Amino acid sequence: MTDHSLPDNPARRDFLYLTTGAVAAVGAGVTGWSFIDTMNPAADTLALATTEVNISSMQAGQSVVVTWQGKPVFIRRRTPDEIKAAQDVPVSELRDPQTDAQRVQAGKEEWLVVVGICTHLGCVPLGAKPNEPKGEYGGWFCPCHGSVYDTAGRIRKGPAPTNLTVPPYAFSSDTVIKIG
Amino acid sequence: MAHGPREPFDNKIVEWVDSRLPIFTMIQKEYGVFPTPKNFNYFWNFGALAMVMLVTMIASGVILAMHYTPNAAMAFNSVERITRDVNYGWLLRYLHMNGASMFFIAVYIHIFRGMYYGSYKQPRELLWIFGIIIFLLMMATAFMGYTLPWSQMSGWGATVITSLFSAIPVVGKALVTWLWGGFSVDNPTLNRFFALHYLLPFIICAVVFLHVWALHVVGSNNPTGIDPKGPQDTLPFNPYYTIKDMFGLSIFLIVYAFLIFYAPTLLTHQDHFVPFNPMVTPAHIVPEWYFLPFYAILRSITFDFTLYLIVAGVAGGILIYNFCWRKTPCEKTKPFIPALLAVTVLFGIPAMLLAFFKDVEALKGVIAMIPLANIHLIEAKLGGVLAMFGSILLLAVLPWLDRHPVRSGRYRPWYRWTLIGFVVSAVILGYIGSQPAEQPFITIGQLATLYYFGWLLVIVPWLSHNEPVAKLPNSIHEAVLADSVKGGKK
């Protein structure tokens, strides 16, 4: 008769417990990840769309709002005054220090392209339409929590932590901007 | 739960069931003869009222879900169809919409009751924590339900609240994309919110079960905060409190019915009746009234936590710990107290200037001279989110913030008035939350936020050791008799 009170080799039994446990943990982890990842953007959502905008009819001081990846993008043709105001700000005064040159493309200082989503909590700031408030720095004003952006889309006041995002874009020609 | 010897029932069917599963014995024990303090006032109605509202919300919600379409293109119209075309759809929708408000009214009064009469204190700490968990689950459920009609307020409310998580360092952005299932609040977001809005109420039911179970283990608190000492202090739950709850419920339902039938949209913003447009944010985003105080706390943190603020906060925190949380300062800290005071003041002044006086013209020159002003460890956005969640999570640890031996606010003259102040600060915050983010509302909101946190973190711990102990009655019975003599009743 065998003695069941102790396994022949306790170390072997421990090894089996640990490997079984490890396999179960990995299995649960992998299965769990599929549950979590299913909530991430699906392939069709990820299929990146680019947006082309014809800007030939825009006057200085005018803005348009276009849709890119479901998000609004502001394109503003800035007036010389607005460009000067943006360039003259001492960078050290800014919460998210960036020069105007870092926000626009060289030689195309007239055109400012930013994602129209406040970096605070995702509202669309006002200021793209003529009758909307532009805030005290002449750029945009977010009505939700009072963030104020300047004519380079930089945060100047209020709770937003960073400047309006500049999306990847290129000038396909002098009159067409391709965003994305 | 109901084990041990069992009294047989006369009814044969009842007895057949009960001898196999003693559910009737359990109901009899927990809701029939359950010994309950005899001095409850009407504040003790609100637990039962919240329960009634939970059942009402689930019943009306299940039926609404049969008519609702969780698709971004169709959701708004399906809700309008419920209101206009579905038989009694208007009634179910308004029951559900205003039911959320009535549920929160009941729960807020219930929480106030717990705070005023010290119901959170030993041995009811776990019971209290289950309550706060229920409150948090209710907030999540209500928020997701608000998204479902896919109106301007729905979509933008969802955008603002989900974006809160983007404040978390490193993983924030990825987390928000994960919550959305895309790059903005869109159809995938609506789908999952609907699934969760249907699921969470049943999780609430499970936690309510634990809450009530814990209550029936330790028994109810009462207005005197004194434990019942014998049969002269208690009454059987039925019929005394079943009747009292029914009376309270009748009054409560009159208010609820008034809202449904005469002012169904009184508590809702008109932008809730405009379809969601992801390109245009409404001029004025406000959450439902029951979230306003927390929303105001979120918006009150308009300043980054600079090096100065953190250092002053840590030094001040050590002082508060020593003089408010402890009865006497810790011996080891004593020699450093003058130094800590100096640090608090020296760092506190530039911290205050940077946080609150940046826009004052006269001070601009002084503020520009402060070195290292741009170093901040917590950005305003993250600070706001932490403050908002902290304002609720701190309530969960109230049993450990308040260590005063007396439970009821009736016998705590200082606690009582500072608690009323806490309620006033919450009401002020609620008003501020409904106003645009501009002066003077910002400053008023910041002061109310200061009192909210100051009460929890400074006043209550200090009172624990310094509030005089009033003479308590010897028993509930004695307190009730003294009341009747004073009131000229017999």
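This report describes domains, helix packing, a sheet, a chain contact and local backbone features of a predicted model.

## Basis

Local features need pLDDT of at least 70 and side-chain atom pairs count only at pLDDT 80 or more, while totals for chains, interfaces and linings use all residues. Residues are numbered from 1 along each chain as its sequence is written, and chains are lettered from A and ligands numbered from 1 in the order in which they are written.

## Domains

Chain A is assigned domain 1 (1-40) and domain 2 (46-179); such bounds come from an automatic or database domain assignment. The centres of domain 1 of chain A and domain 2 of chain A, taken over C-alpha atoms, are 55 Å apart.

In chain B the assignment gives domain 1 (1-30), domain 2 (33-281) and domain 3 (299-476). Between the C-alpha centres of domain 1 of chain B and domain 3 of chain B there are 54 Å.

## Sheet in chain A

Three strands of chain A form an open sheet in the order β2-β3-β4, with antiparallel pairing. Strands are DSSP runs (E, at least two residues), helices likewise (H or I, at least four residues), both numbered from the N terminus; two strands pair if DSSP finds at least two bridges between them.

β2(A) pairs with strand β3 (residues 71-77) of chain A over six bridges, in the antiparallel sense. Here A:T67 stands opposite A:P72 in β3(A).

## Helix packing in chain B

Helix α3 (residues 46-67) of chain B packs against helix α5 (residues 89-116) of chain B at an angle of about 155 degrees, and their axes are 8 Å apart. Axes are lines fitted to C-alpha atoms, for helices over the stretch in contact, and angles run from 0 to 180 degrees between N-to-C directions. α3(B) and α5(B) are therefore roughly antiparallel (under 35 degrees counts as roughly parallel, over 145 as roughly antiparallel, 65 to 115 as roughly perpendicular and the rest as oblique). Their crossing is left-handed, that is, the near helix is turned anticlockwise from the far one by less than a right angle. The contact of α3(B) with α5(B) has 16 nonpolar, nine polar and two charged residues (Ala, Val, Leu, Ile, Met, Phe, Trp, Tyr, Cys and Pro count as nonpolar, Asp, Glu, Lys and Arg as charged, and the others, Gly among them, as polar).

α3(B) also packs with helix α9 (residues 187-218) of chain B, at about 160 degrees with axes 11 Å apart. This makes α3(B) roughly antiparallel to α9(B). The crossing of α3(B) with α9(B) is left-handed. Residues in contact (C-beta atoms, placed from the backbone, within 7 Å) include B:L54, B:M57 and B:I58 of α3(B) and B:Y198, B:P201 and B:I204 of α9(B). By class, nine residues of this contact are nonpolar, one is polar and none is charged.

## Contact between the chains

Chain A brings 21 residues into contact with 28 residues of chain B. On the side of chain A that touches chain B, β2 and β3 of chain A are the elements that give two or more residues. The residues of that side comprise eleven nonpolar, nine polar and one charged.

## Local backbone features in chain B

The peptide bond from B:Q122 to B:P123 is cis, with omega near 5 degrees, and B:P123 sits in the loop between α5 and α6 (125-147) of chain B. Another cis bond runs from B:N238 to B:P239, also with omega near 5 degrees; B:P239 belongs to helix α10 (residues 237-262) of chain B.

B:Y88, although not a glycine, has a positive phi of about 55 degrees. The loop between α4 (75-84) and α5 of chain B holds B:Y88.

Terms used
Two residues are in contact if their C-beta atoms, placed from the backbone, lie within 7 Å.
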